[in-house]
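Please look over the sequence and the structure before reading on.

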Amino acid sequence: MPKPPPRATLADTSGAARLTTLGGRDVLFVMAAEAEYGPHLEARFTPFMTGVGPVEAAVELTAALSALARHQRLPHLVVSLGSAGSRVLEQTEVYQATSVTYRDMDASPLGFARGATPFLDLPATVPLPLRIPGIREATLSTGANVVSGSAYDAIAADMVDMESYACLRACMRFEMPLVVLRGISDGRTELRHIDDWTETLHVIDEKLAAAVDRLGEAIAEGQVTP
């Protein structure tokens with residue numbers, strides 16, 4: 001197993017969420033499932049695992065950030081990373097999300113735009129302003145369903161996941177910036193078994209690790225300023 005880069009060392013933390021020092025900043029890495037956390041990422045950081053889906057991500061990350069806030073250990077940056085589906089993006093490649101939408105929200109019968117939460121001062125598509133130079137960019141849709149086959153017809157975003165919008169809302173509660181990195185694990189063909197999702201996660205693990213290294217360099221060089 002490769003050693004972690006010198007710029008990515010574990011920082012002191014309080015509570016269950018462990019921070020990582022990356023490029024001179026404290027970073028909280030957040031993932032949903034152990035299957036996405038392979039040896040290349042393991043060599044670089046210990047993630048906070050939320051579980052799968054927007055409810056688990058919102059509840060668990062909010063609780064973790066609350067615990068860190070009580071100990072005055074909030075990170076400079078939260079990074080949500082893992083896999084995503086897409087039928088238009090290159091499979092096994094890593095993309096940074098430039099915006100995120102909440103596809104489960106639809107109050108349009110009451111006159112609200114689809115995707116916009118009623119009485120919340122947020123657009124249906126929320127931009128993610130931080131950019132990592134050299135990492136491909138794509139739009140993202142979050143929801144509680146696994147998207148496959150013709151279900152992509154109803155989604156305008158480039159890729160889909162199940163946690164990032166929830167992570168964003170938790171981060172907004174604590175005024176934390178968020179970066180979202182996703183490797184495309186599926187989408188070109190219809191999903192029929194869990195192996196269709198896990199088959200390429202080992203490749204995505206290595207490429208996500210390279211993206212984390214690039215993020216550390218960008219922070220250290222002042223190209224990303226959380």
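**The chain as a whole**

The structure is a predicted model. Five helices and 10 strands make up the secondary structure of the chain. The radius of gyration is 17 Å, close to the 17 Å that the globule rule gives for 226 residues, so the chain is as compact as a globular protein of that length. Along the principal axes, the C-alpha atoms fill a box of roughly 50 × 40 × 30 Å.

Of the 226 residues in the chain, 51% are buried. When contacts between residues at least 6 apart in sequence are considered, 71% of them join residues at least 24 apart. Carbon and sulfur atoms account for 52% of the accessible surface, which comes to about 10,500 Å². The charged side chains comprise 19 positive and 28 negative ones, and the centres of these two sets lie 5 Å apart.

**The annotated span**

An unreviewed UniProt entry carries the annotation "domain: Nucleoside phosphorylase" for residues 48-215.

**Helix α3**

Helix α3 consists of residues 164-173, and seven of its 10 residues are buried, so the helix is largely enclosed by the rest of the structure. The buried residues of α3 are S164, Y165, A166, C167, L168, A170 and C171. After α3 comes E175, which has a positive phi, near 55 degrees.

**Residue L74**

The loop between α2 and β5 contains L74. With a relative accessibility of 29%, L74 counts as partly exposed, because partly exposed covers the range between the 20% limit for buried and the 50% limit for exposed. Leaving aside residues up to four places away in sequence, L74 touches L65, L68, A69, F174 and M176. L74 and V203 are 129 residues apart along the chain, and their C-alpha atoms are separated by 31 Å.

| Element | Residues |
|---|---|
| α2 | 54-70 |
| β5 | 77-85 |
| α3 | 164-173 |

Definitions and conventions:
Residues are numbered from 1 along each chain as its sequence is written. This is a predicted model: local features need pLDDT of at least 70, side-chain atom pairs count only at pLDDT 80 or more; totals for chains, interfaces and linings use all residues. Side-chain values use heavy atoms; hydrogens and water are left out. Helices (H or I, at least four residues) and strands (E, at least two) are DSSP runs, numbered from the N terminus. The radius of gyration is taken over C-alpha atoms; the globule rule is 2.2 Å times the number of residues to the power 0.38. Buried means under 20% relative accessible area, exposed over 50%, partly exposed in between (1.4 Å probe, protein chains only). Contact means heavy atoms within 4.5 Å. Accessible areas come from the Shrake-Rupley method with a 1.4 Å probe; for residues, only the protein chains shown count as cover. Lys and Arg count as positive and Asp and Glu as negative; His and the chain ends are not counted. The place of a charge is taken as NZ of Lys, CZ of Arg, CG of Asp or CD of Glu. UniProt positions are given in the numbering used here, feature names are shortened, and annotations may be inferred rather than shown by experiment.
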